[in-house]
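Subject: Structure handover

Hi,

Here is the structure for your set. My notes follow below it.

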Amino acid sequence: TLQNSAGSDVTATETLPKAGERWYIAGIAGGGVLDATKSNVNFAYNETLDADLKPNQARIPITFGWTGFTIPTNTERAPRIVVQFKPQGTLLTMYVNNATNINNVPLNAAMVIESNALSQLGGFDYSLTASRADYSSTPKWTFKDWPQLQRFSRNINIDTNEKSICCIWAMPRPSTEMPSSGFETTARVGGYTYFLEGSSTLKPEKLSKRFESGLAYALNGVDVYRPTLPQDFITEYGLTATGTFANSVSNDALGYFSGIYVDENIRKNPSYSIDGVGYHLPSALELRAILPFWLSNKDIVMFNKATSEVDYEETLQIDGLTSTFTSDYKGTTTGKAYALRYKRPGDISRLTAIRYEYLNNTASTGKMLKITFRHLGVAGASTNIDQIADEAFWQSNTAEDKTFYFPAAGYKNSSNTLLQRGNAGFMWGQRTQDNSLHGWQMSFYGHGAFTGTFPIDNLLPVRLFKNNAE
């Protein structure tokens, strides 16, 4: 910013500097993005901007205060302006130890921070209300009033049995503005948030609860064990009409919500919680990690047709990690379908066998969808889709299976007419885009199951995803 000795901003041609006038400058420098038109600063991690940074490096903003200088005349040499820079904000460090070789692959994920005590969003205060006589106040970056947990991340890549320090810049909330719930900052490795027993972190995210004033913080170390998987985030039941969790998979136990209501009350509320636990509306890529995207020329998860897809490419999101995965699928005519999913080149640590079943709902009349997940990991590298499609595979080694039931609750159209109950099931995902008339949804029928879209004026059930794996 630039001001003349009368305290006026440079906003028009007539206020541009003239020879002999006394002017003052103040500024901010460093990494990240500065939107000077709105005095907003965003120093969040930028993959393109920070491509050359190592995990233990971070760009942080630095500022300099009001510095006076005189505009030279045509016969004078331009002045040399000397400014003193001052760091702004907090350098947050996280020690990550990829100590176990159970995955036998490098760790390649995001360090995810959630905090109401730290922020990477805010405004830059140029102190325009400071004394115009001496411009003594130092401009500074200020914490944005962000009562809910803000999420930010930094990508890291650590070889098996290697260690690393991950650094993230943020701005601390002033201690005089502590939220009523207290300061809370948690950290975890996106995609790998299961921790070794006996490590410094017995449970995910429980790393730090309070912050004091200062410029640098260190959170406890993380020992990486097994990767988190899509099934770690699915809730056991959908929501009732009052917004509480149902306690049954009966086809008449769920509420119906318009896409507009869901968008305004859940998707746009990052701090959405039930009984103090955080949940969110699944994104399209999170839904696809459960059921693949519907394509008019591809029959993937089919219950009434013999189909086969090998190394089917799909973009998925698993605990903040968005990547291209390959999957194998096999449809049958027996009401069952099978999949071998979450493979990436050089990384099969998430390899999972899945069985999809369209069967009678034991809690009510009509049908339901049963999905069983079995994590195989590197130990299951030799497993193929034909083995998965043999029911004998599912009769043993069941200790680690995770099973979820989705009622065939149907949906209500814009006229509030109930349709398809007992035959088909639906659940909302996020809006396809802001101001769109469609939302993502996961659904199943007698012929198959998939992720697709639905007009937002219809009313569908809601099955929330957990913010953090348990």
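**Overall make-up**

The chain has three helices and 32 strands. Helices (H or I, at least four residues) and strands (E, at least two) are DSSP runs, numbered from the N terminus. This is a predicted model: local features need pLDDT of at least 70, side-chain atom pairs count only at pLDDT 80 or more, and totals for chains, interfaces and linings use all residues. Residues are numbered from 1 along each chain as its sequence is written, and side-chain values use heavy atoms, with hydrogens and water left out.

Of the 470 residues, 51% are buried. Buried means under 20% relative accessible area, exposed over 50%, partly exposed in between (1.4 Å probe, protein chains only). The chain exposes about 22000 Å², and 48% of that comes from carbon and sulfur atoms. Areas are from the Shrake-Rupley method with a 1.4 Å probe; for residues, only the protein chains shown count as cover.

**Core**

The largest nonpolar core holds 34 residues. Such a core is a set of buried Ala, Val, Leu, Ile, Met, Phe, Trp, Tyr and Cys residues joined through side-chain atoms within 4.5 Å. Val301, Tyr356 and Phe406 touch the most other members. Elements that each supply at least two residues include helix H2 (284–288), strand E20 (307–318) and strand E23 (352–360).

What does Tyr356 touch, leaving out residues up to four places away in sequence? Among its contacts are Ile290, Leu291, Val301, Phe303, Leu369 and Ile371. Lys336, Arg341 and Lys370 are also on the list.

**A three-stranded sheet**

E17, E18 and E32 form an open sheet in the order E17-E18-E32, with antiparallel pairing. Its edge strands are E17 and E32 (465–466), each pairing on one side only. Two strands pair if DSSP finds at least two bridges between them. E18 and E32 are joined by two bridges. Tyr279 has Lys466 in E32 as its bridge partner.

**Positive phi**

Asp275 has a phi near 55 degrees. Asp275 sits in the loop between strand E17 (273–274) and strand E18 (277–280). Asp275 is exposed, at 78% relative accessible area.

Asn397 has a positive phi of about 55 degrees. Its loop runs between helix H3 (385–388) and strand E25 (402–407). Asn397 is exposed too, at 65% relative accessibility.

Best regards

Conventions. Contact means heavy atoms within 4.5 Å.
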